[in-house]
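Hi there,

Here is the structure I promised to send over. Have a look at it first, and then read on for what I found in it.

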Amino acid sequence: MTFWRDLWHLTVRALLITIRIPWALIPNIAISLFFLVVYNGGLSGIAALPQFAGGHYINFILPVAVVSGAVGGAGGAGQALIRDMESGFLTKMALTPTSRSALVLAPMIAGITQLLVQTLIIVAVSLAMGLQFPTGIGGFLGILALTAGWGLAFAGYAVAMALRSRSGQAAQAATFIFFPLLFLSDTFVPMSLIHAHWMRFLVRINPTTYVFNAMRALLEKPYHPAPVWHGVLAILGAVAVTLTWAFSSTRKSLSLRN
Amino acid sequence: MTAIQVDHVKKAYGTVQALADVSFHVNSGESFGLLGPNGAGKSTLIRIISTLESPTAGEVLVSGHSAAKDAHRVRQKIGVALQETGLDPLMTGREILLLTARLFGSTAHQARNRADFLMERFQLTDVAGRHVGTYSGGMRRRLDLAVALAHEPDIVILDEPTTGLDPTNRLALWDLLRSLSQDDHKTLLMTTQYLEEADALCDRVLFIDHGHIVAEGTPRDLKREMGYSVIRFSAAGTAPDWLAAYLIGHRFDCELDGASIEIYSANPEEDVFRLGELMKAERLTMQNLEVRPPSLDDVFLHLTSGENTKGAANL
């Protein structure tokens, strides 16, 4: 009970701080909108290929914009933790009886809240650009859930890196994993249009591929549930790995006893 | 009744021994000072007692609870202000106090009342709604101490509470600490490099150097046990370092402090007379002569002589 109470208070505080540094939010949303507008503007013609099965390119590219925003937003959780380490605030909180898990979960939840707001903005812009939701409100909520899940996985990674490195620059550098995760996938065209074998191999082992395809399945009619479940499994696997890493880093890196 | 019991605590970081078999206790309601130069092991000890680190060996009991095994209970009993203030510059003072009180289990109503009370007591009411990033050093120190008291702990632990403060703010903080001890009957455990601070605030002190305890007692007893007075003077018309060497040659226990000479003397009346004779023989005039009882600075220097310079102990 006290865990949830503490998590609530710490999350409210983390959100308050997020709002008080608005300049930290703007580059992230700008990059996502850049992907959406530029790739849709430059590549939308290829949606005429039969591999797109008559769909709009914006439906194909939207998950890329959403996931890039999710990764950036969740990475903010690591930065928030670094701020608290540098100011000594994390140690001050560690001197209270609050759970150590709540201390690291709160910035993650704030990061996910941030990325959900970003996703709403991206979807709103996409709707203005012609996006259609053939699966209705269920599909929209499904995309939000997948975004939050993938954001949580990345937030776990960002927090673990922050706790291990205890350095803003190192934690920032670690977010460059974003590039292979985002681009070594069927980011711009379906798998059937990727001919290089090495690339096809990397696309298959990249969990982001399954997240993209789960979101795309929620933007298509007829609805195919299999890619969605694959995406959910990829997210659950990544969340299990990164959160375990984050919590073990909490114990090891901060010397904070429960 | 014992508030803090430290039993044979050792702490090593790799091959570096930060604490070597340290034992002492702090009584309830007592003001206890941990003194020593930089790197003596004071902050390590504070972090172990505050549950932030584990000892390599030994045990710490706070109000009877093990800091290692029962950290949760120990945190309820102690309020801690570390050397570096742990305040988020983007939060207001009031927000930090409210959050801390809630994390210690206060209701919203209790937390508001406590925050208002502490802001008033620490003269922060006017800036309660301002971001901490805009506070002066003195305000930050006061807020940090107020945050340590958010849950009304019995024991207050302070790591170099006045470091970096100007003399006015330092004296104001001394008054607050005195009031915590005398009016609120809190147990105070504090570290400091300012020995006059310990002299002014602490009932008992413990000297620590290179991870070892070198002395423990009341400031008064330690000064008395030293058994020496200090003769201090300067001389016109000669280089102080030459004079110091000259006096050492005449078997005076002598040190140079800036342009002044300080002599530890077990028999000050006789030594002042001898000094007068020597100075007369050298055609020198003694100036600003004073004979005073030893300060804690002198005790510390005496205990660690050969390992510390006068400058290091006077930090």
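Before anything else, one term: two residues are in contact here if their C-beta atoms, placed from the backbone, lie within 7 Å. Please also keep in mind that this is a predicted model.

Let me begin with one residue that shows the term at work. B:M139 sits in helix α5 of chain B, which covers residues 137-148. Once its neighbours within four places in sequence are set aside, B:M139 is in contact with B:L124 and B:V127. Is B:M139 buried or exposed? The cut-off for a buried residue is 20 or more other C-beta atoms within 10 Å of its own. B:M139 has 20 such atoms within 10 Å, so it counts as buried.

Now for chain B as a whole. Its 315 residues include 43% that count as buried. The secondary structure of chain B comprises 12 helices and 14 strands, and its C-alpha atoms fill a box of roughly 80 × 45 × 35 Å along the principal axes. If you take the contacts in chain B with a separation of 6 or more, 67% of them are between residues 24 or more positions apart.

Chain B is also divided into two parts: domain 1 runs over 2-218 and domain 2 over 228-293. Taken over C-alpha atoms, the centres of these two domains of chain B are 41 Å apart.

Next, the place where the chains meet. Chain A contributes 18 residues to the contact and chain B contributes 24. On the chain A side, the elements that give two or more residues are α1 (2-20) and α4 (89-94). The largest share of that side, five residues, comes from α1(A). By type, the chain A residues that touch chain B divide into six nonpolar, seven polar and five charged.

Finally, a helix in chain A that you can check for yourself. Helix α6 of chain A (residues 136-165) has 30 residues, and at 1.5 Å a residue it should span 44 Å. Its end C-alpha atoms are 43 Å apart, which agrees with that figure.

Best wishes

Conventions. Residues numbered from 1 in each chain as written. Chains lettered and ligands numbered in written order. Predicted model: local features only at pLDDT ≥ 70, side-chain atom pairs only at ≥ 80, totals over all residues. Helix = DSSP H or I, 4+ residues; strand = E, 2+ residues; numbered from the N terminus. Buried ≥ 20, exposed ≤ 12 C-beta atoms within 10 Å, placed from the backbone. Nonpolar A, V, L, I, M, F, W, Y, C, P; charged D, E, K, R; others polar. Domains from an automatic or database assignment. Expected span 1.5 Å × (residues − 1).
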